[in-house]
Amino acid sequence: TNYEELRFRKWKNLFGFHSWMPFYFDYNDFTLDENPVSLGLTLLSQNKLSTAVTSLGYYYKNQEHHFVTRFTYKGWYPVIDLFWDYGGEPHVVADTSQTADPFTYSGKRSDFNVNVYIPLNLTRNRYVRGLYPEISSQYSNSYIYNNETANYDKGRIFLNYRLYFYNYLKLATKDIKPRLGFLFDINYTHAPWNADTYGSNTSIYAGLYIPGFFRHHSIYAQAGLERQNTSRFLYGNRLSYPAGYENRVAEKLNTFKAEYYLPLFYPELNIGGILYVPRFYAKAFYNFALGEGNYYFNGSDWEYNPEALNMSSFGGQLVMNFNVFRFPFPFTLGVQYAYMPSLQNYDIGFSFGIDFFGFTINKRRSCSHCNLNNTIY
């Protein structure tokens, strides 16, 4: 057979839509934790050379509609990642020292991210290992009141610098989390063109995986600290508060958490190509945080407490792993109970996400765009 030779032009072959999902999640948001899933729709594209990956999506969250577009090009070094989220109401922030005039706006919120990173895959033998230096920028069309002009300024730009490293033992089929491993994540965020309005935020955390008491059990411990160089506005904390503590932000935050994972039973429930439930597992946890310069949103305004505040919670979580419609990503559905001793109260929550550990075993990982935290009033 004689085949006709044709020149292959890369720019004409950037897209190749191949699949869709009846929900939305950010598959490039690199983390070793579970990734939350939102109600929506996602279309995925990958070119023939696997150098260009595109996603088009829609999701509904907090009673707002969002349309998202992402394009990642890996044909150069470093990788260039573009992300656009359009929808919801723009942030409108008044000033605390003056009564700003009533403000009306038109249009929807628009966030545009540009991320540049180097995916260093250092996997060797039994250990999955990677190093990801990254620089990212975010533009948001927020409206901020300016005292000097007595008007609202539109738009803000943040820069974030990140260094992420992980090294963990490859998982066996029945492992929930790695039995050995560690990771650390360093982030620095600032607004160089609005330094008088926004300060800077530095965060660092390290995590350690060690074996549990029995086979396929795993213990995870994590410690972190976060410091804000405050200005007119604060950044939302990058580190997580203990379960049950919400609507908070602190100028200084130290955190610690310990988690114990153990499998419960394996029903191996299979309903054709619709649903497959391989496992139920449990997690016991203890979370602690020490915050200084604390702000708490009471539903209508922010309350300030400059003193150090201890926050802790402990409890457990029951999780079900499952796959639907032969989709390769394993989903997680869980219910969690947390008790907060300092508040003498409890919290019951539900979670729905995707477990990337189950998908990326022995495979090359992709790095995330850093979701720069929104400033708050």
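Entry one, aromatic rings. I began with one aromatic cluster, formed by Tyr 132, Tyr 164, Tyr 166 and Tyr 168. I counted rings of Phe, Tyr and Trp (its six-membered ring) as a pair if their centres lie within 6.5 Å, with planes under 30 degrees apart called stacked, over 60 edge-to-face and the rest tilted. By this rule I get 24 aromatic pairs.

A note on the source: this is a predicted model, where local features need pLDDT of at least 70 and side-chain atom pairs count only at pLDDT 80 or more, while totals for chains, interfaces and linings use all residues. Residues are numbered from 1 along each chain as its sequence is written, and side-chain values use heavy atoms, leaving out hydrogens and water.

Entry two, two pairs. I looked up Tyr 24 and Tyr 59: their ring centres are 5.1 Å apart and their planes at 15 degrees, so the pair is stacked. Both Tyr 24 and Tyr 59 are buried (under 20% relative accessible area with a 1.4 Å probe, protein chains only; exposed is over 50%, partly exposed in between). Next came Tyr 261 and Tyr 281, with centres 6.4 Å apart and planes at 45 degrees, so this pair is tilted.

I found Lys 174 over the face of Tyr 266, 5.0 Å from the ring centre (the rule: NZ of Lys or CZ of Arg within 6 Å of the centre and within 35 degrees of the ring normal).

Beyond four places in sequence, I see Tyr 241 in contact with Arg 248, Val 249, Ala 250, Leu 253 and Met 311 (heavy atoms within 4.5 Å).
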